[in-house]
Each structure stands twice: as structure tokens, then as C-alpha cells.
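Student: I'd like to go through this protein with you. Could you put it up and take me through it?

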Amino acid sequence: PIGTPGPPGEHSQSVLMTPVPTSPQPSRSEVPQMSPSRRTSNVPVPKLSVESDSIGPRTRWQYIKEEAVPTCRQINRSKAFLLIMFVALLFALFFPDLWILVDRPTNVDLDVLLTLVFLMFVFEFVVQCIAGRHTYVGSFFFYMDILGGLSLLLDLNYIGIQALIQSAGD
């Protein structure tokens, strides 16, 4: 329409409909191509999956992040794991003294049991480090677990620390 009446008292406006000129689209052959030296496709693609596909296998860090961290968190929150580790802690604290009270002729069986407890502590330490790498590693409990694990080694006869202490006292 050339003119439309407006509200009373206003002048009419004229509207002309004219097409907007467009530039012709270049054909595919006219589009400038990127030279092969400027392409970024030579950058290595990150490895995302275990299967051998076009992208490649997962890296070790991606495996830890995607599968080991949730598994370790699940283990760490398990009531059974917490109970087992609590019993192992009590065992490590009181069994060497109980062994002295019982007056066993050899400490071989105590060494075997304490070695198993030490391995359980090492497993718990690794689980804690993987599950809580941002909160556990470097914390007070991190260093206390290291100190506690190393102090457990003092009770093992095959390490030879007790023999050194006894020979130094003689």
C-alpha cells in the first residue's frame, strides 16, 4: 500500500516496498581455500576411548578421571570398607602389645598379620589419594596416614629395626 491512514489528526505516511539489493553468492570454486600449511588438522586429537577407533585409545589420565575416581569414591564411602579398615586400625594398635602378653615363642605369625594390615593401609592410602586428590593429598590426614603406615613398619621383625634398637641399647 502506498499510504495508510493514521489516527485522526495525524498526517498519513507513505510506505513503499522495494526489494533490498543482494550480492550474488560466490560459487564453491570461488570461495578462498585455506592453504594446507594453515590448517589445524595436523594437531593431535585427544584420545577418548579404550576401543581402537578413528580417535584412538584413552589416555591413562582420562581412564583414571572417568573410571578410577568414581570407583575409589564408592569404595571410600562403603560402610563395609570403613568397618574393615577400622578393625585393621585396632589390630595394628593393640595386637603387638597383646602378642607380648600372650608370650608367643616367635613373631612370625604376628609379622604376617601386620604385613597384611600394612598392605591394607597402603590400599586405603591409594584409594584416598585417587578419590580425594584435591582434598586429601597434602592435608593433615594425608601426612598422618603416612606417619602411621611408617610406624607400623617398626613392629615388623623382618625389617630389622628392632634388632638395631636392641643392639644399640646393649
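Tutor: A word on terms first: helices (H or I, at least four residues) and strands (E, at least two) are DSSP runs, numbered from the N terminus. This is a predicted model, in which local features need pLDDT of at least 70 and side-chain atom pairs count only at pLDDT 80 or more, while totals for chains, interfaces and linings use all residues. Residues are numbered from 1 along each chain as its sequence is written, and side-chain values use heavy atoms, with hydrogens and water left out.

Student: Okay, how many helices and strands are there, and what pattern do they follow along the sequence?

Tutor: There are five helices and two strands, and read along the sequence they follow the pattern β-β-α-α-α-α-α.

Student: How much of the protein is buried?

Tutor: Buried residues, meaning those under 20% relative accessible area with a 1.4 Å probe and protein chains only (exposed is over 50%, partly exposed in between), make up 19% of the 170 residues.

Student: Where does Phe81 lie, and is Phe81 buried or exposed?

Tutor: Phe81 lies in helix 2, which covers residues 79–102, and Phe81 counts as buried because its relative accessibility is 12%.

Student: What does Phe81 touch?

Tutor: Taking contact as heavy atoms within 4.5 Å, and not counting residues up to four places away in sequence, Phe81 touches Ile75, Asn76, Phe123 and Glu124. Of these, Glu124 is 43 residues from Phe81 in sequence, and the two are 9.1 Å apart in space, C-alpha to C-alpha.

Student: Switching to helix 3, which of its residues are buried?

Tutor: The buried residues in helix 3 include Leu110, Leu114, Val117, Phe121, Glu124 and Cys129, and what covers the buried residues of this helix includes helix 1 (60–77), helix 2 and helix 4 (140–153).

Student: What span should helix 3 have?

Tutor: The expected span is 1.5 Å times one less than the number of residues, so the 24 residues of helix 3 (residues 108–131) should span 34 Å, and the end C-alpha atoms are 34 Å apart, which agrees.

Student: You named Cys129 there. How many disulfides does a search find?

Tutor: With a disulfide taken as a pair of cysteine sulfur atoms within 2.5 Å, a search of the whole structure finds zero. Cys72 is in no disulfide, and its nearest cysteine sulfur, that of Cys129, is 9.8 Å away.
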